[in-house]
Amino acid sequence: MEEDRQQVPPNGSLLEREPLRSRYKGILLYRLTYISEGLQVKGYLAVPEANAASASYPGLIYCRGGIRKVGMVRKRRIMSMAKRGYAVFAPFYRGNEGGEGREDFGGEDRFDVFHAITLVQSLPEVKPGKVPLIGFSRGALMAMQAARHCDQAGPVVVWGGVSDLLETYEERVDLRRMLKRVVGHPRKQSEAYQARSPVFWLDELNVPILIVHGTADSQVSVAQARKLAEGLERAGKDYAMELYEGLEHRFPRDADEKALDSVFAWISGKLDISREA
């Protein structure tokens, strides 16, 4: 007689919802645990406090930048997004803050974003419909891969985003050791770099893209934003670009809030158009 095997819940299944203290009046904050390729992955959910039990909001996924403890999800940022009327989920990616596995900079950990879409769409606070994504820095690689592979993803905001990881290797000498360890050497494993880099597969994208970038960004060159825009233009894709003169990788708070206003106006407009179509 075969032993009963414990079944792993389907990808995107919610395993745990832990309420957290919120410093924003009217915004609820949770830590969620969900399934991604058999791993337990964690992330924050920020959602407006409903006036009625039946209230729901459009969902949104925020893809953080960095790797491991560098660039972790900031609660203030996602709660600021949620106050604009969205249920915002920010995955930590596998291996972080008690999650299982090990992240690999847009490799297998891309599935943590793919399955976060399923998770978000299952939440009672979230309205039915496609899930927009905001990808910050290397999070742009994650958001754009979701747009490439998931029919429920989009529109996508690429904010200070990496669009060509080969260029990042050249620009960021301080990241080369990590990139060689996690992705490989760009000459020997060039396919792994291209697979992560949107500029090499723009023809496969069919969602609106908004590019947001500071012209003084010293971590991800504004040249990457311009290269992405030129590629989207050549491919005949629906895109817009907003360059912020003199701003670095992270915007000062006032400028960040103004940029968020513009970003969410664009997202809301695109969601309204898609609902009418």
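**Salt bridges and backbone geometry in the predicted model**

A total of 17 salt bridges is present in the structure, a salt bridge being a side-chain nitrogen of Lys or Arg within 4 Å of a carboxyl oxygen of Asp or Glu. The model is predicted, and local features therefore need pLDDT of at least 70, side-chain atom pairs count only at pLDDT 80 or more, and totals for chains, interfaces and linings use all residues. Residues are numbered from 1 along each chain as its sequence is written, and side-chain values use heavy atoms, with hydrogens and water left out.

One of these salt bridges joins Arg77 to Asp256, with 2.6 Å between the closest N and O atoms. The pair links distant parts of the chain, Arg77 lying in helix α1 (residues 75-82) and Asp256 in helix α8 (residues 253-276), 179 residues apart. Helices (H or I, at least four residues) and strands (E, at least two) are DSSP runs, numbered from the N terminus. Arg77 is buried, at a relative accessible area of 4%, and Asp256 is likewise buried at 4%; buried denotes under 20% relative accessible area, exposed over 50%, and partly exposed the range in between (1.4 Å probe, protein chains only).

A salt bridge is also formed by Arg94 and Asp112, whose closest N and O atoms are 2.8 Å apart. Distant parts of the chain are again linked: Arg94 is in the loop between β5 (87-91) and α2 (110-122), and Asp112 is in helix α2, 18 residues apart. Arg94 is buried at 7% relative accessibility, and Asp112 is buried at 0%.

The salt bridge between the side chains of Arg176 and Glu170 has an N to O distance of 3.8 Å. Here Arg176 is partly exposed, with a relative accessible area of 24%, whereas Glu170 is exposed at 53%.

Most residues other than glycine have a negative phi, and most peptide bonds are trans. The peptide bond from Gly154 to Pro155, however, is cis, with omega near 5°; Pro155 belongs to strand β7 (residues 153-159). Glu37 has a positive phi, near 50°, although Glu37 is not glycine. This residue is located in the loop between β2 (27-36) and β3 (39-48) and is partly exposed, at 39% relative accessible area. A positive phi, near 75°, is likewise found at Tyr93, which is placed in the loop between β5 and α2. Tyr93 is buried, with a relative accessible area of 0%.
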